[in-house]
Amino acid sequence: MPALRYAGVSVGYDRTPVLTHVDLELDPGQRLILVGPNGAGKSTLIKSVLGLAPVLAGEATVLGESPAAARGRAGYVPQIDTLDADFPVSVRQVVMMGRYRSIGWWRPARAADRRAVADALELVGLADRAGHRFGTLSGGQRQRVLLARAIAAEPRLLLLDEPFNGVDAVSQEAIIAVLRELAAGGTALVLSTHDLTVARELADLVCLINGRQWAVGTPGETLTAG
Ligand code: ADP
Ligand code: ADP
């Protein structure tokens, strides 16, 4: 079963399409990079997979279901500025919220949940910050916490919206290494960026988006030199 299949899909807001006739298929463990300038529709496409932006036409299948039915089974790493840095919680609590998204909100955390949270923080290299207040971390560290929050839910499909904006080089390298490891373990990835270097480094598949135009292919087919 593909992690993601879009056939003739239009996405947008208030019946105004941002992207139309999108055809995509992503298998487990594949890395799809969405590349395009600001306003091209990368976030909208990602949000449509999460059921947060409407599919106006065509057929969208996420982990074998409609986006609405798959809601919460796909992991999501939003841009850092969308989570308030003043939020008075610890790093561990932020990551536990991601775990709760997958286990449901009605039961107390068990040892397995605490272990999943600790493992996720270990993976992103922030085990020593678990007790720190989220807002005291650097931008790059906060982005890694949001990655850990998504990983703690053990998603089969993980979507990341511009995860390298305002992120230092050390954190960027750490995130890229974690993403490679997740994909090697079978997690399908969708990542948006305006950075062609990131796309070349990470992509199995590239979706180039510009205006209403888009093209999907291997990095060799879609990314020309320079
Ligand atoms: P990108 O992620 O590539 O920067 P977006 O998906 O955020 O692009 O934006 C694509 C288009 O959709 C833009 O023209 C933007 O103004 C519009 N848009 C984004 N969010 C909304 C919204 N909530 N309601 C209406 N239009 C939106
Ligand atoms: P729910 O009703 O499922 O709890 P909300 O509508 O209250 O969701 O909140 C959705 C917000 O949660 C999104 O804007 C997004 O920032 C965040 N979020 C974090 N992880 C996910 C995920 N895996 N799927 C959907 N939204 C997510």
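Biologist: Which backbone has an N or O atom 2.7 Å from an oxygen atom of ligand 1?
Modeller: This is a predicted model, where local features need pLDDT of at least 70, side-chain atom pairs count only at pLDDT 80 or more, and totals for chains, interfaces and linings use all residues. Residues are numbered from 1 along each chain as its sequence is written, chains are lettered from A and ligands numbered from 1 in the order in which they are written, and side-chain values use heavy atoms, with hydrogens and water left out. A polar contact here is a pair of N or O atoms within 3.5 Å; within protein, one must be able to donate a hydrogen and the other to accept it, and residues adjacent in sequence count only if both atoms are side-chain atoms. The backbone atom at 2.7 Å from the ligand 1 oxygen belongs to S43.

Biologist: How much of ligand 1 does the protein bury?
Modeller: Accessible areas come from the Shrake-Rupley method with a 1.4 Å probe, and for residues only the protein chains shown count as cover. Taken alone, ligand 1 exposes 560 Å², and the share buried by the protein is 54%.

Biologist: Which side chain has an N or O atom 2.8 Å from an oxygen atom of ligand 1?
Modeller: Ligand 1 is surrounded by Y13, V18, P37, N38, G39, A40, G41, K42, S43 and T44, where near means that a heavy atom of the residue lies within 4 Å. A polar side-chain atom of Y13 is 3.4 Å from a nitrogen atom of the ligand. The side chain at 2.8 Å from a ligand 1 oxygen is that of K42.

Biologist: Which helix gives the largest share of the shell around ligand 1?
Modeller: Helices (H or I, at least four residues) and strands (E, at least two) are DSSP runs, numbered from the N terminus. With 3 residues, the largest share comes from residues 42-49, helix α1.

Biologist: Now to ligand 2: which backbone has an N or O atom 2.6 Å from one of its nitrogen atoms?
Modeller: The surroundings of ligand 2 are L50, L52, R71, A74, G75, Y76 and R101. The backbone atom at 2.6 Å from the nitrogen is from A74.

Biologist: What share of the accessible area of ligand 2 does the protein cover?
Modeller: On its own, ligand 2 has 560 Å² of accessible area, and the protein covers 56%.

Biologist: Are the residues of α5 buried or exposed?
Modeller: Buried means under 20% relative accessible area, exposed over 50%, and partly exposed in between (1.4 Å probe, protein chains only). Helix α5 is largely enclosed by the rest of the structure, because 13 of its 13 residues are buried.

Biologist: Within what arc do the buried residues of α4 fall?
Modeller: In α4 the buried residues are D113, A116, V117, A120 and L121. They line one face of the helix, because seen down its axis (taking directions from the axis to the C-beta atoms) they fall within an arc of 130 degrees.

Biologist: Is E162, with its positive phi, buried or exposed?
Modeller: E162 is not a glycine, yet its phi is about 45 degrees. The residue sits in the loop between β6 (157-161) and α6 (169-184). At 5% relative accessibility, E162 is buried.
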